[in-house]
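Student: Could we go through this protein together, one question at a time? I would like to learn how to read it.

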Amino acid sequence: MPENKEIEIMRSVYDKNDEVASQINSSFTRNKIFAINVMGAPGAGKTSTIIEIIKRLEDVASFVIEGDIEADFDTKLLQSLGVKAIQINTGGACHLDSPLIGKAAAELSLKNGVLFIENIGNLVCPAEFQIGEHVKMLISTVTEGSDKPYKYPLAFEKADIIILNKCDLLPYLDFDENFFMKGVRALNKTAPLIKVSCRTKEGFEEAVKWIRDKIK
Ligand SMILES: Nc1nc2c(ncn2[C@@H]2O[C@H](COP(=O)(O)OP(=O)(O)O)[C@@H](O)[C@H]2O)c(=O)[nH]1
Ligand SMILES: [Mg+2]
């Protein structure tokens, strides 16, 4: 019986979150904002990838909501590049939720453009919470090892696009691309998987084309 109770409470937390997420999503759509929930482990290159994509979307207004447990380095970096960015510090919580996004979005006066929401660095919880996004972008890296789809299936299953970053480091690692791809495709048959490097800049044209097609 106590087990049942726990499940009911969790269900109501998810339901409340999803209800707010759905309202936020409608508001983004009404305001012609395409929202991307950017997920990945700490240091995967979420901020670096967002920056490379924004540089190639020069004709589109870009906005960023930066989620971190503490600190605002990424927001300061984005602002120094002229990007409209706002920081959310969760103070310990391991994912962003939709009420947090609702408050941050209200401060950015969002209209006509792309909103990147950099989630907390974590391969588990962010995949469980809708935050008003139109698509989920998962950043995985060759330095994390090729077994990650097998160990963190939900993030790979839910992704609409998977970016494999840090490919400049492939010659120095034993990353097994076939094993990685097999794991990804067992979970997700449709998401494009794009190999990129924020160091050499390879692969970003394809990622940007995918976003442009989605905006249309
Ligand atoms: N070699 C290499 N380093 C990268 C690449 N992308 C990001 N980094 C580095 O990885 C670290 C974490 O990047 P950051 O974008 O802050 O990751 P985040 O924590 O996911 O936002 C930084 O030192 C970046 O310079 C890449 O493609 N290749
Ligand atoms: Mg970051």
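Student: Let me start with Phe179: does it count as buried, exposed or partly exposed?

Tutor: A residue is buried if 20 or more other C-beta atoms lie within 10 Å of its own, exposed if 12 or fewer, and partly exposed in between, with the C-beta atoms placed from the backbone. Phe179 lies in helix H7 (residues 177–187). Because it has 14 C-beta neighbours inside 10 Å, Phe179 counts as partly exposed.

Student: What kind of model is this, and how are residues, chains and ligands labelled?

Tutor: Residues are numbered from 1 along each chain as its sequence is written, while chains are lettered from A and ligands numbered from 1 in the order in which they are written. Local features need pLDDT of at least 70, side-chain atom pairs count only at pLDDT 80 or more, and totals for chains, interfaces and linings use all residues, since this is a predicted model.

Student: How many helices and strands does the protein have?

Tutor: Both are DSSP runs numbered from the N terminus: helices are H or I with at least four residues, and strands are E with at least two. Counted in this way, the protein has 8 helices and 7 strands.

Student: Which radius of gyration does the protein have?

Tutor: This radius is taken over C-alpha atoms, and the globule rule is 2.2 Å times the number of residues to the power 0.38. For 216 residues, a compact globule would come out near 17 Å. The protein agrees with that, because its own value is 17 Å.

Student: What share of the residues is buried?

Tutor: The C-alpha atoms fill a box of roughly 50 × 50 × 35 Å along the principal axes. Of the 216 residues in the protein, the buried ones make up 40%.

Student: How many residues of strand E1 are buried?

Tutor: In a regular strand the side chains alternate between the two faces of the sheet. In E1, Ile33, Ala35, Asn37 and Met39 are buried on one side, and Phe34, Ile36, Val38 and Gly40 are buried on the other. Both faces are covered, and the number of buried residues in E1 is 8 of 8.

Student: Which strands pair with E1, and in which sense?

Tutor: Two strands pair if DSSP finds at least two bridges between them. E1 is joined to E4 (residues 113–118) by 6 bridges, and Phe34 has Val114 as its bridge partner there.

Student: Is Ala44 buried or exposed?

Tutor: Ala44 is found in the loop between E1 (33–40) and helix H2 (46–55). Beyond its neighbours within four places in sequence, Ala44 is in contact (C-beta atoms, placed from the backbone, within 7 Å) with Ile139, Ser140, Thr141 and Asn165. Since 23 C-beta neighbours lie inside 10 Å, Ala44 counts as buried.

Student: Which residues come nearest to ligand 1?

Tutor: A residue is near a molecule if its C-beta atom, placed from the backbone, lies within 6 Å of it. H2 gives the most to the shell around ligand 1, with 3 residues. Of the 16 residues around the ligand, the nearest are Gly45, Lys46, Thr47, Ser48 and Cys198.

Student: What is the phi of Ala71?

Tutor: Most residues other than glycine have a negative phi. Ala71 lies in the loop between strand E2 (62–68) and helix H3 (73–80), and it is exposed because 11 other C-beta atoms lie within 10 Å. Ala71 is not a glycine, yet its phi is positive, near 75°.

Notes: Two residues are in contact if their C-beta atoms, placed from the backbone, lie within 7 Å.
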